[in-house]
Structures are given as C-alpha cells and as structure tokens.
Amino acid sequence: MERTIPKARTESTRPRLEPMLDLEWSQAIELPRTVASATRPSDIRRAWVHRAPEDLVVALYRASSGMHGEIPAPWWLRAVVEGRLESRELGFRIEDRISGLLGRRPGWEFVPWAADGESGYWEFMPSERGASGHSIPTTVLNTSRHDGWIDVLPAHSSTTPPPIAVGGFAGLRSRLGEFEAVR
C-alpha cells in the first residue's frame with residue numbers, strides 16, 4: 001500500500017488568524033500599575049474601556065460576553081449594555097458624586113483594587129475592628145444590580161451579608177449616619 005501525503009492548501013500562504021476575545025477583553029479592562037495610589041474612581045479611569053469610543057466598548061463587551069456569559073466589567077458598562085443607564089459618562093458622574101461625598105468625610109477610604117474591570121469601592125474604616133469587633137468594614141460600591149446604582153455591605157466578620165440596595169446618591173447621603181454608626 002502506498003501512502004499519499006495530502007497536498008498543502010493553496011488558498012493562502014498566510015496563516016489564518018482569529019481574534020482571541022478573552023485576551024482582547026482582558027487587555028481592554030487592564031488598569032495601569034499606578035492604580036494602587038488612586039484616591040478616587042477618576043484616578044483609575046485609564047483602561048481602554050474608559051477611553052475608547054463608547055460604541056466600540058459596548059461592541060467588544062457584547063462579543064466577549066456572548067461567548068462566555070458574564071465577564072469582568074465595570075458596573076456602568078453592564079448597565080449601559082442592558083439599556084438601563086444612558087451612558088458611560090453618566091456612570092462616571094455617579095461615581096464622582098459618591099467620591100465627592102465620601103472623600104470629604106472622616107473615616108472613608110477609597111479602595112482602587114476591586115475585582116477585574118470594576119471601579120473600586122469605599123470602606124468606612126472605623127467600622128473595622130472597632131467596638132463591634134467586625135473584621136470587614138462597611139463598604140459602599142457601585143452596582144448594576146438595581147437602578148439606584150449603589151450597594152452597601154454592612155460591616156461583618158464572617159459570611160458576607162446581602163448587600164443593601166441604596167436609592168441613588170440622595171439615598172446614600174440620607175443614610176450615611178446609619179451606615180457610619182457601626183463602629
């Protein structure tokens with residue numbers, strides 16, 4: 001029996017490349033190393049998702065999430081894609097208003113190293129290891145979970161409690177005394 005070697009394809013001599021959406025998305029949300037010194041959300045808006053034209057960001061997000069379901073992304077991008085938030089700029093304004101409120105109050109610290117793609121969060125440091133003995137401080141973070149865009153995780157020591165949905169910036173401002181009372 002004689003073996004035949006198949007002929008090489010002659011369609012093209014160039015390699016056929018296909019996009020690697022996972023890698024492309026991870027590069028799109030990658031933040032610079034200088035993030036560790038950020039003191040507010042605007043300090044970490046340096047990734048491609050923050051600067052590229054919004055329609056391209058949404059298109060890449062849809063393509064990437066269409067293959068794997070939920071992927072790491074800023075809260076505002078998930079809300080924009082779902083049609084519940086008007087724009088990325090509005091998401092930035094929401095973050096900046098929270099920053100303006102909490103950044104001036106004693107005890108609140110911005111934590112820039114949130115989960116991949118996220119915008120950071122705020123911790124109320126007096127609620128950690130205070131009289132109540134909690135090991136995890138009260139935390140304020142943005143969310144696409146509801147249209148108030150703000151969740152609060154109460155100070156706790158073991159199992160993470162369910163987040164408290166806050167009714168937007170006004171709701172946060174009106175409830176800050178309650179959230180800061182845990183020490």
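Tutor: Helices (H or I, at least four residues) and strands (E, at least two) are DSSP runs, numbered from the N terminus. V182 has its place in the segment after α6 (168–180). This is a predicted model, in which local features need pLDDT of at least 70, side-chain atom pairs count only at pLDDT 80 or more, and totals for chains, interfaces and linings use all residues. Residues are numbered from 1 along each chain as its sequence is written, and side-chain values use heavy atoms, with hydrogens and water left out.

Student: How many helices and strands are there in the chain?

Tutor: The chain has 6 helices and 5 strands. Along the sequence their pattern is α-α-α-α-α-β-β-β-β-β-α.

Student: Why is V182 called partly exposed?

Tutor: Buried means under 20% relative accessible area, exposed over 50%, and partly exposed in between (1.4 Å probe, protein chains only). V182 has a relative accessible area of 32%, so it is partly exposed.

Student: Which residues is V182 in contact with, leaving aside its neighbours within four places in sequence?

Tutor: Contact means heavy atoms within 4.5 Å. On that basis V182 is in contact with F124, P126, S127, S132, H134 and A155. S132 is 50 residues from V182 along the chain, and their C-alpha atoms are separated by 7.1 Å.

Student: What makes F124 buried?

Tutor: The relative accessible area of F124 is 0%, so F124 is buried. Over the chain, buried residues make up 42% of the 183 residues.

Student: How many aromatic pairs does a search of the whole structure find?

Tutor: The search finds 5 aromatic pairs. Rings of Phe, Tyr and Trp (its six-membered ring) pair if their centres lie within 6.5 Å; planes under 30 degrees apart count as stacked, over 60 as edge-to-face and the rest as tilted.

Student: Why is the pair of W108 and F124 called tilted?

Tutor: The ring centres of W108 and F124 are 5.0 Å apart and the planes are at 40°, so the pair is tilted. W108 lies in strand β1 (residues 108–111) and F124 in strand β2 (residues 121–124), so the pair ties together parts that are 16 residues apart in sequence. W108 is buried, at a relative accessible area of 7%.

Student: What are the distance and angle for F110 and W122?

Tutor: F110 and W122 form a tilted aromatic pair, 5.3 Å centre to centre with 55° between the planes. F110 lies in strand β1 and W122 in strand β2, so this pair ties together parts 12 residues apart in sequence. F110 is buried, with a relative accessible area of 9%, and W122 is buried at 5%.
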